[in-house]
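Please look over the sequence and the structure shown below before reading on. The explanation that follows is meant to be read with both in view.

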Amino acid sequence: YALKLCDSIPANCVQLRNLLLSAYPRDMRLPEPMTPNLKIDLLPDVSRSPEIAFAYADVLDQEHLKSDLERFLISQNPASFARDAASKLFAASSPDSSTEPDTWTPVERFNVGLINAFVLHTVVTITSMSDSTARESAQRVALDMLRAILAEADPEACYLMVNAISNQLRFPSSHTYLCSRLVLALFSKSDERVRECIARVLIERILVNRPFPWGLLVTLIELLRNPYYAFWNHEFTQRSPQIVDILSAVAKSIRPADTRALSGSGALGHGLAAQTLA
């Protein structure tokens, strides 16, 4: 129920979210995320899907998104689906107009549960496909869909959407593997606004006390280490001295050596994965 509980956690409660998402099956032994040349696509657990023990799709049915999303991932029809989905996902909430202004209680600007459910059902639909060709095709469709949706999002909506994807970066599973590939491909192929948002979401989750979700660490390490993503060349990494200090500390915690000097293939083989998805 960790993902369900995340629907109710305020965005600024990063450590509480990490506590929930760091849980993993008691019979599983997590690989060390900083193992050199770790290939998560070769781990046996990435072929298994985690159990989802709650009816997450109910909120999608209410917005008539569930069946449309499934159809789009398979057929890419209708062509307007991403834009239509964005309008529903990012429809702003507003206080009850019948309530006096001074008695309004704080409300979420967006329906976080709907956004989280949309991402989760995208992942569940793709990973449940038995045909590998259809699954790879659906992953590319999902990447283009998410890019289009993020293009429609304002900064807060973009943050919530990236958060929803990052919530899937947990213990080794088909969900973690797919979302790790999606995050890295989105970083590679999106504009600077989305790239900065991805960097913010991933990095802010390791600036709090442990524990950190395994899949989050694996994805962030790949993003920082693999020269394919040219992370250190982006302007947002040098925007202020404070940001430089934070990123330098993160880089040192991942590898004491100068991260900028790293070259060669990614430690996790995700560089190729991102190119394949794109």
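The paragraphs below go from the whole chain to selected residues and pairs.

The model is a predicted one. Of the 278 residues in the chain, 50% are buried. The chain exposes about 13,500 Å², and carbon and sulfur atoms supply 52% of that area. Among contacts between residues at least 6 apart in sequence, 75% join residues at least 24 apart.

Leu21 belongs to helix H2, which covers residues 14-21. Is Leu21 buried or exposed? Its relative accessible area is 1%, and because buried means under 20%, Leu21 counts as buried. Which residues does Leu21 touch, leaving aside neighbours within four places in sequence? Leu21 is in contact with Leu3, Cys6, Asn167, Arg170, Arg205 and Pro213. Phe171 stands 150 residues away from Leu21 along the chain, yet the C-alpha atoms of these two residues are separated by 8.3 Å.

Not counting residues up to four places away in sequence, Asn163 touches Val201 and Arg205.

Helix H4 shows how buried residues can be arranged on a helix. In this helix, residues 66-75, the buried residues include Leu69, Phe72 and Leu73. Seen down the axis of H4, the buried residues fall within an arc of 100°, and therefore they line one face of the helix. The cover over them includes helix H5 (81-89), helix H6 (112-127) and helix H7 (132-151). Just after H4, Gln76 takes a positive phi of about 60°.

Aromatic rings come next. A pair of aromatic rings is described by the distance of the centres and the angle of the planes. The whole structure holds 8 aromatic pairs. In one of them, the ring centres of Phe187 and Phe231 are 5.9 Å apart and the planes meet at 25°. Why is this pair called stacked? The angle of 25° is the reason, because planes under 30 degrees apart count as stacked. Phe187 lies in helix H9 (residues 174-189), whereas Phe231 lies in the loop between helix H11 (214-225) and helix H12 (241-254), so the pair ties together parts that are 44 residues apart in sequence. Phe187 is buried at 1% relative accessibility, and Phe231 is buried at 2%. Phe231 also pairs with Phe236, with 5.8 Å from centre to centre and 80° between the planes, an edge-to-face arrangement. Phe236 is buried, as Phe231 is. Ring pairs link Phe187, Phe231, Trp232 and Phe236 into a cluster.

A disulfide is a covalent bond between the sulfur atoms of two cysteines. The search of the whole structure finds 0 disulfides. Cys197 is in no disulfide, and the nearest cysteine sulfur, that of Cys158, is 3.7 Å away. Cys197 is buried, with a relative accessible area of 8%, and Cys179 is buried at 0% relative accessibility.

Charged residues complete the tour. Side chains of opposite charge can pair when their charged atoms come close. The structure has 10 salt bridges. One of them joins Arg48 to Asp45, with the closest N and O atoms 2.3 Å apart; Arg48 is partly exposed at 48% relative accessibility. Another joins Arg109 to Asp154, the closest N and O atoms being 2.8 Å apart. Arg109 lies in the loop between H5 and H6 and Asp154 in the loop between H7 and H8, so this pair ties together parts that are 45 residues apart in sequence. Arg109 is partly exposed at 37% relative accessibility, and Asp154 is partly exposed with a relative accessible area of 26%.

A further salt bridge is formed by Glu196 and Arg239, whose closest N and O atoms are 2.8 Å apart. Glu196 lies in helix H10 (residues 192-204) and Arg239 in the loop between H11 and H12, so the pair ties together parts that are 43 residues apart in sequence. Glu196 is partly exposed, with a relative accessible area of 30%, and Arg239 is partly exposed at 43% relative accessibility. Salt bridges that share partners also join Arg109, Asp154 and Glu156 into one network.

Notes. Residues are numbered from 1 along each chain as its sequence is written. This is a predicted model: local features need pLDDT of at least 70, side-chain atom pairs count only at pLDDT 80 or more; totals for chains, interfaces and linings use all residues. Side-chain values use heavy atoms; hydrogens and water are left out. Helices (H or I, at least four residues) and strands (E, at least two) are DSSP runs, numbered from the N terminus. Buried means under 20% relative accessible area, exposed over 50%, partly exposed in between (1.4 Å probe, protein chains only). Contact means heavy atoms within 4.5 Å. Accessible areas come from the Shrake-Rupley method with a 1.4 Å probe; for residues, only the protein chains shown count as cover. Rings of Phe, Tyr and Trp (its six-membered ring) pair if their centres lie within 6.5 Å; planes under 30 degrees apart count as stacked, over 60 as edge-to-face and the rest as tilted. A disulfide is a pair of cysteine sulfur atoms within 2.5 Å. The arc is that of the directions from the helix axis to the C-beta atoms. A salt bridge is a side-chain nitrogen of Lys or Arg within 4 Å of a carboxyl oxygen of Asp or Glu.
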